[in-house]
Amino acid sequence: PELLKQVGEAYYLWRSREANGDDSMEQALAAWLNRSLEERGLPNSIQLVRPGEPFDRSRHAATERGVSVVEVRGWIVLRDQNKVYTKASVSVK
């Protein structure tokens, strides 16, 4: 699960996510990772975050205060029963 978090953070370091809309590469990577986890019987999954979403302290981690996600810097890694394992790193305003 920690490696999943690191892959997400590396992806957004390479390709910043500040605009709403579809990013086909982001979706393909997340889908491939989720499929790989499922095929191996691992209980983890990835959930993507979109700019404009309301900030949720239980799912997002930000260094500043705000109410809305403006930049995505990582994705949410879930464990079994969709419980949050690692929060998505985000910028908020």
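Are Arg50 and Glu26 buried or exposed? Both Arg50 and Glu26 are buried, where buried means under 20% relative accessible area, exposed over 50% and partly exposed in between (1.4 Å probe, protein chains only). This is a predicted model, in which local features need pLDDT of at least 70, side-chain atom pairs count only at pLDDT 80 or more, and totals for chains, interfaces and linings use all residues. Residues are numbered from 1 along each chain as its sequence is written, and side-chain values use heavy atoms, with hydrogens and water left out.

**Salt bridges**

- The count comes to five salt bridges, each a side-chain nitrogen of Lys or Arg within 4 Å of a carboxyl oxygen of Asp or Glu.
- Arg17, Glu26 and Arg50 are linked in a network of such bridges.
- In the pair of Arg50 and Glu26, the closest N and O atoms are 2.9 Å apart.
- This pair links distant parts of the chain, 24 residues apart: Arg50 is in the loop between strand S1 (45-47) and strand S2 (60-61), and Glu26 is in helix H2.
- Helices (H or I, at least four residues) and strands (E, at least two) are DSSP runs, numbered from the N terminus.
- Glu9 and Lys5 form a salt bridge at 3.5 Å, N to O; they are four residues apart in helix H1, so about one helical turn separates them.

**Arg17**

- Arg17 lies in the loop between helix H1 (2-14) and helix H2 (24-39).
- Arg17 counts as buried because its relative accessibility is 6%.

**Hairpin**

- Strands S4 (residues 76-79) and S5 (residues 83-86) pair in the antiparallel sense over three bridges; pairing requires that DSSP finds at least two bridges between two strands.
- Lys83 in S5 is the bridge partner of Arg79.
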